[in-house]
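Visitor: I'm new to this one and would like to learn how to read it. Could you walk me through it?

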Amino acid sequence: MSPAPERVVVVGAGTMGHGIAQVAAQAGSSVTLVDVRLELAVAALATIRANLDGGVTRGKVTAAERDGALARLRTSADLAEAATGAALVVEAVPERLALKVEVLRAAEAAAPPDALLASNTSSLSIGALQDALERPERVVGMHFFNPVHINKLVEVVAGPRSSAAAVERALEHARAFGKEPIRVRDSPGFASSRLGVLLGLEAIRMLEEGVASAADIDRALELGYRHPMGPLRLTDLVGLDVRLDIARHLHETLGGERFRPPALLERKVAEGSLGRKSGRGFYDWDQE
């Protein structure tokens, strides 16, 4: 297996961003976690430390491994400075095409010509991102899964102009980070979001129709199909707003009724019930 890239930049200090930064640092990369709001990146480091402390407590990580990973992490609000000398830049900003394009353009201008540029998008077109860049052949999708430090899957998405070498590098980097990558063609929702969102939307419709409680719908998948987590609890972890954005995008691009967002999901997002990050979604996280 190839070693982890020497220098990694992760843009966006949210749930996905700090998770990607953690696994890259644990793999031996020097990692800069960039966010325009530096205080968010600093707070993300505290979350990473807590994750690693939990790993030590459970015997999954040694104290030396934890300390080494933390020593390889730094924060910044300056992408141009951080990307200098980077071998891999991963954007993990919110699912808005214009924002992701802005970040990737800035990374392209600052990073070395041979740096791999990756998007953690869960549903947006890699081809659309490539269209905005001067060197589209070095852009790929690297869709990590939450919680990143635990979930093994990474979707490596080949855009229409991704070079074969860039795709192979992305696969190698994912393996170096301790993940098990799959190769996916650029298509709305890729493989995982298309399947996962469809299941989640149907679970929301069942809850809306009073078929069963959220907990019992989730138990049906956990016990009957051996899913590690039910679709409604997973939606709470991902964020109801994130699920809604993806559902809208898939409904617009693929058509039909299967991805039309349920009224219950629309209503919860409108009222600010976004899942764990807001304290309440399909579950009351303040009580857990």
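Visitor: Let me start with contacts. Of the contacts in the chain with a separation of 6 or more, what percentage comes from residues 24 or more positions apart?

Guide: Keep in mind that this is a predicted model. For contacts, we look at how far apart the partners sit in the sequence. Here, residues 24 or more positions apart account for 68% of the contacts with a separation of 6 or more.

Visitor: How many helices and strands are there in the chain?

Guide: You'll find twelve helices and eight strands. The radius of gyration is 19 Å, close to the 19 Å that the globule rule gives for 288 residues, so the chain is as compact as a globular protein of that length. Along the principal axes, the C-alpha atoms fill a box of roughly 55 × 45 × 35 Å.

Visitor: And what share of the residues counts as buried?

Guide: That would be 50% of the 288 residues. As for the surface, the chain exposes about 13,200 Å², and carbon and sulfur atoms supply 53% of that area.

Visitor: How do I read a strand? Which way do the residues of strand 4 point?

Guide: Go along the strand and note the side each residue points to. In strand 4 (residues 88–91), L88 and V90 point one way, while V89 and E91 point the other way. All four of these are buried.

Visitor: Which strands pair with strand 4, and in what sense?

Guide: Strand 1 (residues 7–11) pairs with strand 4 in the parallel sense, over four bridges. V10 has V90 as its bridge partner in strand 4. Strand 5 (residues 116–119) also runs parallel to strand 4, and four bridges join the two. There, V89 has L117 as its bridge partner. To get from strand 4 to strand 5, the chain passes through helix 5 (residues 97–110), and this β-α-β crossover is right-handed.

Visitor: What about strand 2: how many of its residues are buried?

Guide: Four of the five residues in strand 2 (residues 30–34) are buried, leaving the strand mostly covered. Strand 2 pairs with strand 1 in the parallel sense over five bridges, and V9 stands opposite T32. The chain goes from strand 1 through helix 1 to strand 2 in another β-α-β crossover, and this crossover is right-handed. Strand 2 also pairs with strand 3 in the parallel sense, over four bridges, with V31 opposite L73.

Visitor: How do I read a helix that has something packed over it? Which residues of helix 3 are buried?

Guide: Pick out the buried residues, then look for what covers them. In helix 3 (residues 63–71), R66, G68, A69 and L70 are buried. Their cover includes helix 1 (15–26), helix 2 (38–57) and strand 3 (73–76).

Visitor: Where is R105, and what does R105 touch?

Guide: R105 lies in helix 5. At 47% relative accessibility, R105 counts as partly exposed, because the cut-off for exposed is over 50%. Not counting residues up to four places away in sequence, R105 touches A132 and L133. The C-alpha atoms of R105 and L129 are separated by 9.4 Å, although these residues are 24 apart along the chain.

Note on methods:
Residues numbered from 1 in each chain as written. Predicted model: local features only at pLDDT ≥ 70, side-chain atom pairs only at ≥ 80, totals over all residues. Heavy atoms only, no water. Buried < 20%, exposed > 50% of the residue type's maximum accessible area, 1.4 Å probe, protein only. Pairing = 2+ DSSP bridges. Right-handed = clockwise from strand over helix to strand, strands pointing away. Rg over C-alpha atoms; globule rule 2.2 N^0.38 Å. Contact = heavy atoms within 4.5 Å. Areas by Shrake-Rupley, 256 points an atom, 1.4 Å probe, with all protein chains shown as cover.
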